[in-house]
Amino acid sequence: MKLFLNIINAIDNPDQQGSMAQFETILNTVNQVATKRGIESDQMQEILTVLGRFLRPILQHQQRMIGEQPLENLIAQMTDAETTAATINLLISPQLYQQIVQGISQKTGISSNRLQGILPTILTAMMGLLYMGASKSGVSCSNSVLNAFIDRDAELVLGEVLQSTESFLNFS
């Protein structure tokens, strides 16, 4: 719930990166990937949820190691639609990336090969979602969306959060 509220607030706050257009782009990206690869919406929701369970400790660790602002800068780099494997490797080692693919495959029943083809795009979209809470240039505030995502005490089901936000904002 905390992540959901922070996404909504980031969209509404002119001092943060989030906007309706950005959220719509993220949703469209996720939906297009699912459609192109023949993945049902409930499967995509499960992919996002399992991915979130992997990403959370990775981002928590990175924040402890490099700090909040460098992590936010890294996330900003990963929001580019042209995100490459090298950019992903700045955050997730190739070995850990393979563990994520295998974990999602085991949980969803989707083959690792199919996941290999969609995961970079999904990661880019999720980094875009987390970057929505970043402050705009000239404004100093912490990234409320990222902080809500990595909060140890928050209940996290990323697929449900994205779906709830979409429903709340009346996208279809």
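Which residues does Leu55 touch, not counting those up to four places away in sequence? I will answer that in a moment, after a word on the model.

This is a predicted model, in which local features need pLDDT of at least 70 and side-chain atom pairs count only at pLDDT 80 or more, while totals for chains, interfaces and linings use all residues. Residues are numbered from 1 along each chain as its sequence is written, and side-chain values use heavy atoms, with hydrogens and water left out.

Back to Leu55. Its contacts, with residues up to four places away in sequence set aside, are Ile92, Leu123, Met127 and Phe149; contact here means heavy atoms within 4.5 Å. Leu55 lies in helix H3. Helices are DSSP runs of H or I with at least four residues, numbered from the N terminus. The relative accessible area of Leu55 is 0%, so this residue is buried. For that term, buried means under 20% relative accessible area, exposed means over 50%, and partly exposed is in between, with a 1.4 Å probe and protein chains only. Between the C-alpha atoms of Leu55 and Phe4, which are 51 residues apart along the chain, the separation is 17 Å.

Next, the helix pairs. Two packed helices are described by the angle between their axes and the distance between the axes. The axes are lines fitted to C-alpha atoms, for helices over the stretch in contact, and the angles run from 0 to 180 degrees between N-to-C directions.

I start with H3 and H4. Helix H3 covers residues 41–66 and helix H4 residues 68–77; they pack at an angle of about 130 degrees, and their axes are 7 Å apart. H3 and H4 are therefore oblique to each other. On the scale used, angles under 35 degrees are roughly parallel, over 145 roughly antiparallel, 65 to 115 roughly perpendicular, and the rest oblique. From H3 the contact takes Leu59, Gln62, Gln63 and Ile66, and from H4 it takes Glu68, Pro70, Leu71 and Ile75. Sorted by class, there are five nonpolar residues, two polar and one charged in the contact of H3 with H4. The classes are these: Ala, Val, Leu, Ile, Met, Phe, Trp, Tyr, Cys and Pro are nonpolar, Asp, Glu, Lys and Arg are charged, and the others, Gly among them, are polar.

H3 also meets helix H6, residues 94–108, where the axes come within 10 Å and cross at roughly 145 degrees. The crossing of H3 and H6 is right-handed. In these terms, a crossing is left-handed if the near helix is turned anticlockwise from the far one by less than a right angle, and right-handed if clockwise. On the H3 side the residues are Gln43, Glu46, Ile47, Val50, Leu51, Arg53, Phe54 and Ile58, and on the H6 side Leu96, Gln99, Ile100, Gly103, Ile104, Lys107 and Thr108. The contact of H3 with H6 has eight nonpolar, four polar and three charged residues.

What does H6 pack against with its buried residues? The partners are H3, H5 and helix H7 (112–131). Buried in H6 are Tyr97, Ile100, Val101, Gly103, Ile104, Ser105 and Thr108. After H6 comes Gly109, with a positive phi near 80 degrees.

H2 contributes Gln22, Phe23, Ile26, Thr29, Val30 and Val33, and H7 contributes Ile118, Thr121, Ile122, Ala125, Met126, Gly128 and Leu129. By class, the contact of H2 with H7 has nine nonpolar residues, four polar and no charged. Phe23 counts as buried, at 0% relative accessibility.

Residues up to four places away in sequence aside, Arg114 touches Arg37, Gly38 and Ile39.

Thr87 sits in helix H5, residues 85–91, and is buried at a relative accessible area of 17%. Beyond its neighbours within four places in sequence, Thr87 is in contact with Gln77 and Met78. Ser144 is in helix H8, residues 144–150, and counts as buried at 18% relative accessibility. Ser144 touches Asn6, Gln16 and Gly133, again not counting residues up to four places away in sequence.

Key:
Helix = DSSP H or I, 4+ residues; strand = E, 2+ residues; numbered from the N terminus.
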